[in-house]
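Dear colleague,

I am passing on the structure below, followed by some notes on what was found in it. Please read the notes with the coordinates open beside you.

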Amino acid sequence: MANPITTIDAGTATDIAPKTPSEVESPSVPRRHLFDMDDLTAAEITDLLDSAEGMREITTRDIRKTPALRGKTIITMFFENSTRTRVSFEQAGKILGADVINITASASSVSKGESLLNTVKTLQAMQIDALVVRHPHSGAPYFISNHTDASVVNAGDGTHAHPTQSLLDLFTVRNHVGDIAGKKIAIVGDVLYSRVARSDIMAFQKMGAEVVVSCPNTLLPDEWQLGSTLDASTGFGGLKLARNVDEAVDGVDVVMALRIQQERQEAGHLPNLREYSDRWGINTKRMALANDDALLMHPGPMNEGVEISSEVAHGVQSVVEEQVQNGVAVRMAVLYTLCAPGKSVRVGGVDEG
């Protein structure tokens with residue numbers, strides 16, 4: 001039998017022997033696209049996270065390669081700069097055996113004036129299987145899906161959504177605390193412009209967590225007011241809005257600091273970054289208000305010294321690097337689910353695909 005592996009269940013390390021081979025199943029209902037977390041049921045989210053557990057095992061091997069998506073062609077098309085998301089999708093596709101082609105706006109015919117529609121039609125003519133897209137305009141992945149037979153994965157659209165970031169955040173938290181239901185999550189920072197915040201709030205609430213948000217009032221959507229609890233009509237029923245950071249992080253299990261997105265802020269929502277850091281930044285003192293074993297998370301890239309101090313960003317409670325590592329496994333699960341629906345990949349053995 002294979003050597004035991006250590007897993008984390010409800011904060012307790014337990015040695016278990018992995019099944020050989022284990023089956024990592026795609027969700028029972030085939031899905032073509034991944035646009036946002038409101039597309040997914042709690043059961044589908046659980047299926048994806050379970051699949052990612054098997055995918056993570058593949059990423060730990062000496063030879064990280066399977067033929068699971070052999071013969072499939074995946075294109076990543078990024079109209080905004082990215083390191084973590086773009087590289088992890090590329091790595092995910094290649095580990096699964098797919099042919100992965102990367103396109104950036106500056107190196108494509110978009111720079112010559114070609115429309116998004118014509119770019120998509122060009123790619124469609126090449127008979128691709130999946131298109132991973134990041135675009136500065138909210139809703140772009142939905143538009144693209146209407147003009148291609150390929151599966152479309154939203155890798156971030158404007159200020160709207162970033163579903164795979166939310167999945168890897170869920171996956172990271174679940175690895176440490178077990179069942180997410182009943183856990184308390186604090187999200188602090190630039191909520192107004194953060195697609196990660198919107199998707200994470202929805203994702204954690206779907207999985208039964210209690211979510212509280214705190215940020216300057218100028219960085220909240222207009223219909224939200226600090227100190228209130230949102231009702232179901234907003235789509236975020238039960239979300240709590242704390243008036244200050246200390247109130248938000250008191251006794252929580254996870255603290256998520258959001259990046260101040262200076263590139264999206266044209267209206268001068270903040271007087272200066274120093275004041276923001278003093279009043280809203282996550283530092284050692286504020287982390288001490290959370291539970292003793294609370295996790296510190298950040299979707300990256302981090303503005304250290306602004307929304308998060310270097311001490312906590314690289315401290316013992318930080319799982320920021322683990323989030324990056326888990327991104328590959330989660331995106332493997334997403335690509336496999338979309339490109340090979342109804343099939344399974346055998347993990348722990350050599351007969352995969």
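T164 belongs to helix α5, which covers residues 163-177; helices (H or I, at least four residues) are DSSP runs numbered from the N terminus. This is a predicted model, in which local features need pLDDT of at least 70 and side-chain atom pairs count only at pLDDT 80 or more, whereas totals for chains, interfaces and linings use all residues. Residues are numbered from 1 along each chain as its sequence is written, and side-chain values use heavy atoms, with hydrogens and water left out.

With a relative accessibility of 0%, T164 is buried (under 20% relative accessible area, with a 1.4 Å probe and protein chains only). Apart from neighbours within four places in sequence, T164 has contacts (heavy atoms within 4.5 Å) with L34, F89, V153, V330, R331 and V334.

**Helices α2 and α11**

The axes of α2 (residues 84-95) and α11 (residues 320-339), being lines fitted to C-alpha atoms over the stretch in contact, with angles from 0 to 180 degrees between N-to-C directions, come within 8 Å and cross at roughly 55°. The contact is formed by R84, T85, S88, F89, Q91, A92, G93 and I95 on α2, and by V324, G327, V328, R331, M332 and L335 on α11.

**Cysteines**

C215 is buried at 0% relative accessibility, and C339 is buried at 8%. Counting a disulfide as a pair of cysteine sulfur atoms within 2.5 Å, the total is zero.

Best regards

How values were computed. Buried means under 20% relative accessible area, exposed over 50%, partly exposed in between (1.4 Å probe, protein chains only). Helices (H or I, at least four residues) and strands (E, at least two) are DSSP runs, numbered from the N terminus.
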